[in-house]
Structure formats: structure tokens, C-alpha cells
Amino acid sequence: MKIVVIGGTGLIGSKTVAILRQGGHEVVAASPKSGVNTITGEGLTEAMTGTKVVIDLANSPSFEDKAVLEFFETSGRNLLTAEAAANVRHHVALSIVATDRTDNGYFRAKVAQEKLIETSSIPYTIVRATQFMEFLGGIADSSVDGNKVRLPPILFQPIASDDVAAMVADVALAPPRGGIVEIAGPERAPFNEVIARYLKAVGDAREVVSDPEAGYWGGRVSENSLVPLGEARLGRIGLDEWLRRSKAAA
């Protein structure tokens with residue numbers, strides 16, 4: 001079966017492509033570098049020829065509110081139009097848990113992307129993931145105040161990219177759900193505790209504090225803003241295991 005992975009050379013994309021190829025599928029790792037551009041439309045018609053499943057893992061190069069919204073709307077429209085013309089049978093998109101419950105520009109752009117998918121003619125499954133463990137360092141850096149890391153008092157359930165890729169590949173090979181599948185890491189804990197464990201493991205001495213006035217990427221959040229509210233598929237790799245693997249690979 002031919003599967004096109006948009007963003008197939010990125011963090012999740014490269015892992016997903018490898019899993020699917022190991023399963024014997026014909027997989028196209030599509031990106032602007034390979035001549036497939038969902039913004040300009042370049043190469044989309046050719047890439048879709050004979051394709052049964054498309055996995056959209058593309059991400060905006062800019063996180064500025066207007067730019068990220070334009071990216072996901074333009075990319076989504078171009079991709080879904082090309083899929084409809086090629087009679088693609090399953091569109092899989094990676095999104096974010098609580099994207100419709102958290103107020104920041106990136107999350108609003110992902111909501112717009114989801115709406116395009118839901119109103120298209122293509123059978124689909126949207127995979128909403130919690131935050132990736134690979135981004136814990138960036139989260140800490142974005143929340144620095146002097147020598148402290150200030151985080152809102154909320155729950156956190158990060159997931160390893162290896163688990164994300166495995167679940168995305170599994171969903172892609174299953175029948176379309178016509179809805180949302182949520183995935184998360186195996187451990188749920190206070191946000192500050194998770195980040196503190198990460199910083200200690202990497203030898204970062206900054207103090208992590210829980211601050212009710214702190215936001216998350218510029219948005220206000222409540223206790224359950226970043227975790228699944230209902231049923232979710234849980235990954236197998238906990239934070240300690242991920243840290244061990246990361247150190248071994250360094």
C-alpha cells in the first residue's frame with residue numbers, strides 16, 4: 001500500500017516512515033526538500049498518484065499567530081484538495097490534546113486545521129497527542145524568570161516521540177475513525193514535578209516553581225488543559241526510560 005507522509009523527514013515523520021517501511025509499505029517521505037510543498041502545491045498531484053493513506057505531520061516554520069494560522073489553513077486546503085482528486089481513502093493528521101481547550105495562537109491554528117479535515121470528503125482520523133518529551137527543555141527555557149522556571153499548577157502527561165510514531169503508524173493502517181484518537185504518555189504528574197525531574201537528569205540547576213500566574217506558551221491554562229479528559233491510548237515509554245535512552249544516544 002502506498003502511504004504519503006507529509007513532513008516525513010521531521011522528528012515524528014522520520015520515525016513513522018521507518019515503521020511503515022519495515023511493515024512492507026511503499027512510503028513517500030514528502031517535504032519541500034523532496035519536491036512536495038503543501039503551501040505552494042508543488043509536487044502534490046504526483047505524490048498522491050496511487051496513494052491510499054496520507055499522514056499529515058507538517059509543521060509551521062513560524063509560531064507567530066497569523067503565520068501559523070495561514071500555514072495550517074493553506075497547507076490543509078491544498079493537501080485535502082489533492083487527496084480528493086486522487087481518491088485517497090484515509091487522511092491522518094497529528095494534532096494536540098486540548099487544542100480546543102487552550103487559548104494560544106498555535107492551538108487556534110490546529111483547531112482550524114482540524115475543522116478543514118472534519119468538513120472535507122476524505123475519511124479521516126485525527127490523532128491528538130500530549131506534549132512530546134523531546135520538548136521538555138524548550139518548555140523550561142520558555143518559562144524562565146531569572147534563575148527560576150515558573151510553571152502553572154496543572155497536570156502534565158508528556159509522551160515520547162517513539163510512542164507517537166508507533167501510534168500514528170497504527171492508526172494509519174486501521175480503518176478511518178471519522179473522529180479523534182487521543183494519545184498520551186504513561187505517567188500523569190504535576191507540571192513542575194515533570195520539568196524538575198527532567199532538569200535534574202540533564203544537570204540543570206535551575207529551580208522549578210509552581211506559579212498560578214504563569215501561562216503556557218503565552219496562554220492561560222487550567223488544571224486539566226494539557227491532559228486527556230477521557231479515554232486515551234497510553235505510550236509505553238515513561239520519563240525515566242526516555243531519559244536513559246536519550247543519554248545512551250547522546
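A cavity is a set of grid points where a 1.4 Å probe fits but cannot get out. This predicted model holds 1 cavity of 30 Å³ or more. The largest cavity has a volume of about 50 Å³.

Its lining consists of M133, P158, P186, E187, A189, V194, R197 and L239. By class, 6 of these residues are nonpolar and 2 are charged. No polar residue takes part in the lining of the largest cavity.

## The largest pocket

The largest pocket has a volume of about 1000 Å³. Its lining takes in 43 residues. Nearest the centre of the pocket lie A58, N59, F63, Y106 and F135.

Several elements supply at least two lining residues each: α1 (11–22), α3 (65–86), β4 (90–96), α4 (105–118) and α5 (136–142). The largest share comes from α4, with 4 residues. Sorted by class, the lining of the largest pocket has 25 nonpolar, 14 polar and 4 charged residues.

## α1 against α6

Two packed helices are described by the angle between their axes and the distance between the axes. Helix α1 packs on α6 (residues 161–173) at an angle of about 55°. Their axes are 8 Å apart. The two helices are therefore oblique to each other. The crossing of α1 and α6 is right-handed.

On the α1 side, L11, I12, K15, T16, I19 and L20 make the contact. On the α6 side, the contact residues are S161, D162, V164, A165, A166, V168, A169 and L173. The contact of α1 with α6 divides into 10 nonpolar, 2 polar and 2 charged residues. Helix α1 also supplies at least two residues to the lining of the largest pocket.

## α7 against α8

Helix α7 (residues 191–201) and helix α8 (residues 239–249) pack at an angle of about 25°. Their axes are 11 Å apart. Because angles under 35 degrees count as roughly parallel, α7 is roughly parallel to α8. The crossing of α7 with α8 is right-handed.

Helix α7 makes the contact through V194, R197, Y198 and A201. Helix α8 brings L239, D240, W242, L243 and K247. The residues of this contact comprise 6 nonpolar and 3 charged, with no polar residue.

This contact and the cavity share residues. V194 and R197 of α7 and L239 of α8 belong to the contact, and V194, R197 and L239 also line the largest cavity.

Methods
Residues numbered from 1 in each chain as written. Predicted model: local features only at pLDDT ≥ 70, side-chain atom pairs only at ≥ 80, totals over all residues. Heavy atoms only, no water. 1 Å grid on protein atoms, 1.4 Å probe; cavity = no way out; pocket = protein on both sides within 12 Å on 5 of 7 lines; lining within 4 Å. Points joined across faces, edges and corners; volume = space filled by probe spheres on them. Nonpolar A, V, L, I, M, F, W, Y, C, P; charged D, E, K, R; others polar. Axes fitted to C-alpha atoms, helices over the stretch in contact; angles between N-to-C directions. Parallel < 35°, antiparallel > 145°, perpendicular 65-115°, else oblique. Left-handed = near helix turned anticlockwise from the far one by under 90°. Contact = heavy atoms within 4.5 Å.
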